[in-house]
Amino acid sequence: MRHDIQPNERAFSTKEVAEEVGIATTTVRRYGQLLEQNGYEFFKDGDRRIFVRSDVEALIKIRDSEMPKEDKIKEIVEEQKELLAGYESRELALSDTYDGTEMQDSDQMKEMFRFLASELAASREMNVQLKNDMAELKTTVSRLKQDHHVISSGVGNFSQKTHTKMDKMMQQQKEQYEELLREEQEKSEYLQKEIREMREEQKKEWRSQSEFNERLEHSVKHSRGTLGKIMSLFKK
């Protein structure tokens with residue numbers, strides 16, 4: 001169990017570690033997983049990691065190392081094991097100077113302090129996370145209000161433009177229909193006039209033909225009378 005936390009030591013959220021180290025939050029999580037897979041111990045609040053200064057420094061070492069990441073991670077894990085072993089040796093050496101009751105009380109006090117320190121770090125982490133979540137929630141609500149206003153304005157403008165376009169189209173169709181109707185009426189009037197004129201011409205032709213036929217018939221009759229008179233003279 002890890003017990004190297006210092007008094008009043010600050011706890012960092014994943015986002016704060018990313019900003020501190022200068023890497024993405026996804027990279028912080030990936031490095032954390034690789035460290036744990038190789039035996040590194042983090043303070044935990046359930047399944048969530050709680051970062052302290054030594055963890056931040058470990059991530060900086062991984063970031064700046066020219067060694068392969070896997071080798072550097074194994075090296076950091078070994079350093080932590082030696083550090084934790086040093087803490088355990090020092091605690092055992094101190095406990096040898098007290099009797100069994102004192103040692104038991106001291107162990108209980110240390111365990112209680114470790115528990116309190118872990119709870120404090122978890123509370124700080126939770127408070128930081130809550131503050132970040134609240135800030136993100138406020139930003140989201142503000143953005144949603146702005147989007148709603150933009151959408152409402154857009155819908156209103158679209159509706160107004162649509163009605164205006166429809167009115168304009170209906171007016172244009174009405175004007176086109178009236179223009180076509182007027183043209184058809186003019187054509188109809190022109191055709192009727194043409195028909196009347198053709199009928200008048202036809203009547204004139206009929207009258208002229210009739211008069212010609214009458215004159216021709218009269219001429220033929222007159223010619224027959226004259227011819228009869230001439231033939232009667234020859235008969236005498």
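Before reading any residue, I wrote down the burial scale: buried means under 20% relative accessible area, exposed means over 50%, and partly exposed is what lies in between, with a 1.4 Å probe and protein chains only. I noted that this is a predicted model, in which local features need pLDDT of at least 70 and side-chain atom pairs count only at pLDDT 80 or more, while totals for chains, interfaces and linings use all residues. Residues are numbered from 1 along each chain as its sequence is written, and side-chain values use heavy atoms, with hydrogens and water left out.

**Entry 1: the whole protein.** I looked up the burial and found that 20% of the 236 residues count as buried. The protein exposes about 18500 Å², of which carbon and sulfur atoms supply 55%; such areas come from the Shrake-Rupley method with a 1.4 Å probe, and for residues only the protein chains shown count as cover. I then turned to contacts (heavy atoms within 4.5 Å), and among those between residues at least 6 apart in sequence, 68% join residues at least 24 apart.

**Entry 2: the fold.** I counted 5 helices and 2 strands, taken as DSSP runs numbered from the N terminus (helices H or I with at least four residues, strands E with at least two). Along the sequence they follow the pattern α-α-β-β-α-α-α. In helix 1 (residues 14-21), the buried residues are Thr-14, Glu-16, Val-17, Ala-18 and Val-21, and after this helix comes Gly-22, with a positive phi near 85°.

**Entry 3: salt bridges.** I recorded 10 salt bridges in the structure, each being a side-chain nitrogen of Lys or Arg within 4 Å of a carboxyl oxygen of Asp or Glu. Side chains of opposite charge can pair when their charged atoms come close. Arg-48 and Asp-45 are joined at 2.9 Å, N to O; Arg-48 is partly exposed at 28% relative accessibility, and Asp-45 is partly exposed at 29%. Between Asp-64 and Arg-63 the closest N and O atoms are 2.7 Å apart, with Asp-64 partly exposed at 48% and Arg-63 partly exposed at 35%.

How many residues apart do Glu-75 and Lys-72 lie in helix 4? They are 3 residues apart in that helix (residues 69-95), about one turn, and their salt bridge brings the closest N and O atoms to 2.9 Å. An α-helix has 3.6 residues a turn, so residues three or four places apart point the same way. Glu-75 is partly exposed at 31%, whereas Lys-72 counts as buried at 13%. I also found Glu-36, Lys-44 and Arg-49 joined into one network by salt bridges that share partners.

**Entry 4: charged patches.** I took patches as residues with over 30% relative accessible area and no salt bridge, like charges being joined within 9 Å. Lys and Arg count as positive and Asp and Glu as negative, without His and the chain ends, and each charge is placed at NZ of Lys, CZ of Arg, CG of Asp or CD of Glu. The negative patch is made of Glu-197, Glu-200, Glu-201 and Glu-205; Glu-205 lies in helix 5 (residues 100-235) and is exposed at 53%. A positive patch gathers Arg-199, Lys-203, Lys-204 and Arg-207, of which Arg-199 is in helix 5 and is exposed at 53%.

Methods. Patches are made of residues with over 30% relative accessible area and no salt bridge: like charges are joined within 9 Å, nonpolar side chains (Val, Leu, Ile, Met, Phe, Trp, Tyr) within 5 Å.
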